[in-house]
Amino acid sequence: MRANSVLALGEPDIAIDDAIDKAVEFYKERDLTPTFHIVLPTYIELDALLERKGWSEKVIVQVMVSDISLGEPPRQDRGAWEFDHEPSDEWLHFQNDAGAKDIMVRYPAIYAGLRVAGNLIAAGRAANFEKWTVLTRLYVRPDLRSQGLGKALLTALLQEARSQGATKALLQVDSKNTSAIALYKKLGF
């Protein structure tokens with residue numbers, strides 16, 4: 001949803017109401033639901049205007065950052081880690097991401113997966129840019145959560161990103177996902 005949204009940056013060169021109408025029309029022409037990605041508090045006035053016009057909030061995300069330390073690689077006795085530079089069809093279907101492949105492969109990234117007994121049980125993505133890595137699509141199968149697999153996944157991705165030159169990491173998380181936020185904080189984000 002955030003990857004296909006209007007990102008408010010700067011002042012539009014037309015009246016704000018006209019800019020909103022233009023964005024809505026752009027989405028309607030493509031049979032898409034218009035969505036605005038608003039960085040708060042910078043664009044709080046736009047947020048208030050959209051609310052007055054009847055728009056509703058879908059997700060509030062927190063952006064979290066961390067230095068990548070040279071810690072021990074993740075110990076995982078339950079399976080084997082796989083790393084690739086392209087998402088496999090299985091990796092894409094793991095989170096119903098098949099429709100996002102064209103977007104994901106536009107930028108080099110590390111695709112990680114943890115396989116147990118032939119089944120993918122955890123997956124994530126890290127895209128490096130200069131000294132930064134951006135972590136996305138972090139996912140552990142719901143029936144296996146709260147067993148340390150999220151921490152192992154994050155650690156594995158950070159170590160792989162670090163081996164490719166990243167020293168800092170960034171991720172976004174839904175503010176309602178308190179268990180993920182707690183994990184990220186524990187890991188230094």
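The chat below goes from the chain as a whole to single residues.

Me: What kind of model is it, and what gets counted?
Reply: It is a predicted model, where local features need pLDDT of at least 70 and side-chain atom pairs count only at pLDDT 80 or more, while totals for chains, interfaces and linings use all residues. Residues are numbered from 1 along each chain as its sequence is written, and side-chain values use heavy atoms, with hydrogens and water left out.

Me: How many helices and strands in the chain?
Reply: The chain has six helices and eight strands. These are DSSP runs numbered from the N terminus, H or I of at least four residues for helices and E of at least two for strands. Along the sequence the pattern reads β-α-β-α-β-β-α-α-β-β-β-α-β-α.

Me: What does the C-alpha trace span, and how much of the chain is buried?
Reply: The C-alpha trace spans about 60 × 30 × 30 Å along its principal axes. Of the 189 residues in the chain, 34% are buried. Buried means under 20% relative accessible area, exposed over 50%, and partly exposed in between, with a 1.4 Å probe and protein chains only.

Me: And the contacts?
Reply: A contact is heavy atoms within 4.5 Å. Among contacts with a separation of 6 or more, 65% are between residues 24 or more positions apart.

Me: Now helix 1. How far does it reach from first C-alpha to last?
Reply: Helix 1 covers residues 16-29, 14 residues in total, and reaches 20 Å, close to the 20 Å expected at 1.5 Å a residue. The expected span is 1.5 Å times one less than the number of residues.

Me: Which residues of helix 1 are buried?
Reply: Ala19, Ile20, Ala23, Val24 and Tyr27. They sit on the same side of helix 1, because they cover an arc of only 135° around the axis. That arc is taken from the directions from the helix axis to the C-beta atoms. As background, an α-helix has 3.6 residues a turn, so residues three or four places apart point the same way.

Me: What covers them, and what is on the face turned away?
Reply: The cover includes strand 1 (6-7), strand 2 (36-37) and helix 2 (44-52). The face turned away from the buried side carries exposed Lys22, Lys28 and Glu29.

Me: What follows helix 1?
Reply: Asp31 follows helix 1, with a positive phi near 60°.

Me: Change of topic. How many aromatic pairs are there?
Reply: The search of the whole structure finds six. Rings of Phe, Tyr and Trp (its six-membered ring) pair if their centres lie within 6.5 Å; planes under 30 degrees apart are stacked, over 60 edge-to-face, and the rest tilted. One of the pairs is Phe36 with Trp55, with centres 5.0 Å apart and planes at 85°, so it is edge-to-face.

Me: Where do Phe36 and Trp55 lie?
Reply: Phe36 lies in strand 2 and Trp55 in the loop between helix 2 and strand 3 (61-67), so the pair ties together parts 19 residues apart in sequence. Phe36 counts as buried at 17% relative accessibility, and Trp55 as partly exposed at 26%.

Me: How are the rings of Trp81 and Phe83 arranged?
Reply: Trp81 and Phe83 have ring centres 6.4 Å apart and planes at 20°, so that pair is stacked. Phe83 is partly exposed, at 35% relative accessibility.

Me: Last one, Glu82. What does it touch?
Reply: Glu82 is in strand 4 (residues 80-84). Not counting residues up to four places away in sequence, Glu82 touches Tyr111, Ala112, Gly113 and Arg115. Glu82 and Ala112 are 30 residues apart in sequence, with 5.6 Å from C-alpha to C-alpha.
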